[in-house]
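Trainee: I would like to work through this model with you, one question at a time.
Mentor: Good. Bring it up and we will start.

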Amino acid sequence: MTQMIILSIGIVLIALITWWFFGKHQVETEEATMEQEKQIVNIKVDGGYSPEQVIVKKGMPTELRFTKIDGSSCLDHVVFPDFGINQALPQDETTSVTVNTDQAGEYAWACGMNMFHGKLIVK
Ligand SMILES: [Cu+2]
């Protein structure tokens with residue numbers, strides 16, 4: 001009986017490990033919503049970025065609204081190297097970052113220490 005239990009636990013563990021390494025981990029992706037001729041995306045900053053991938057339309061004014069909930073100083077800046085943006089994100093506040101979407105492409109953003117990442121896709 002005990003052997004059966006140990007065996008089952010082993011099988012469950014192997015299944016979990018397999019899923020962890022080989023399973024599809026989807027990136028949370030969100031499209032912008034329209035608001036008065038503007039594209040708006042709300043991004044929660046809490047232990048990373050949620051969503052961490054954002055899709056917007058080319059050539060339309062775009063505002064990314066970062067709301068910082070995370071208490072760590074790690075995420076208190078958001079950096080868009082391609083746009084030369086380094087924006088401070090005050091704690092428990094929503095900060096708007098306006099980005100240029102004239103050119104289609106993929107633009108990465110990161111925290112001030114380049115530890116957490118997100119991606120803006122313009123198409
Ligand atoms: Cu950081």
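**Reading the model**

Trainee: Is Leu 16 buried, partly exposed or exposed?
Mentor: Buried means under 20% relative accessible area, exposed over 50%, and partly exposed in between (1.4 Å probe, protein chains only). Leu 16 has a relative accessible area of 48%. So Leu 16 is partly exposed.

Trainee: What kind of model is this, and what limits apply?
Mentor: This is a predicted model, where local features need pLDDT of at least 70, side-chain atom pairs count only at pLDDT 80 or more, and totals for chains, interfaces and linings use all residues. Residues are numbered from 1 along each chain as its sequence is written, and side-chain values use heavy atoms, with hydrogens and water left out.

Trainee: Which element holds Leu 16?
Mentor: Helices (H or I, at least four residues) and strands (E, at least two) are DSSP runs, numbered from the N terminus. The protein has one helix and 11 strands. From the N terminus the order is α-β-β-β-β-β-β-β-β-β-β-β. Leu 16 sits in residues 2–22, helix α1.

Trainee: What is the area of the nonpolar surface patch that includes Leu 16?
Mentor: Patch residues have over 30% relative accessible area and no salt bridge; like charges are joined within 9 Å, nonpolar side chains (Val, Leu, Ile, Met, Phe, Trp, Tyr) within 5 Å. Areas come from the Shrake-Rupley method with a 1.4 Å probe; for residues, only the protein chains shown count as cover. Met 1, Ile 5, Ile 9, Val 12, Leu 13, Leu 16, Ile 17 and Trp 19 make the patch, at about 860 Å².

Trainee: What is the radius of gyration of the protein?
Mentor: The radius is taken over C-alpha atoms, and the globule rule is 2.2 Å times the number of residues to the power 0.38. The C-alpha trace spans about 65 × 30 × 25 Å along its principal axes. A compact globule of 123 residues would come near 14 Å, but the protein has 19 Å.

Trainee: Which residues are the protein donors of the copper ion?
Mentor: Donors are N, O and S atoms within 2.8 Å of the metal (3.2 Å for Na, K and Ca); water is not among the atoms, so sites may look incomplete. Two SG atoms lie 2.1 to 2.3 Å from the copper ion, those of Cys 74 and Cys 111.

Trainee: How many residues apart in sequence are the parts that this pair ties together?
Mentor: Cys 74 is in the loop between β6 (62–68) and β7 (77–80), and Cys 111 is in strand β10 (residues 105–111). Cys 74 is buried at 10%, and Cys 111 is buried at 2% relative accessibility. The parts tied together are 37 residues apart.

Terms used:
A salt bridge is a side-chain nitrogen of Lys or Arg within 4 Å of a carboxyl oxygen of Asp or Glu.
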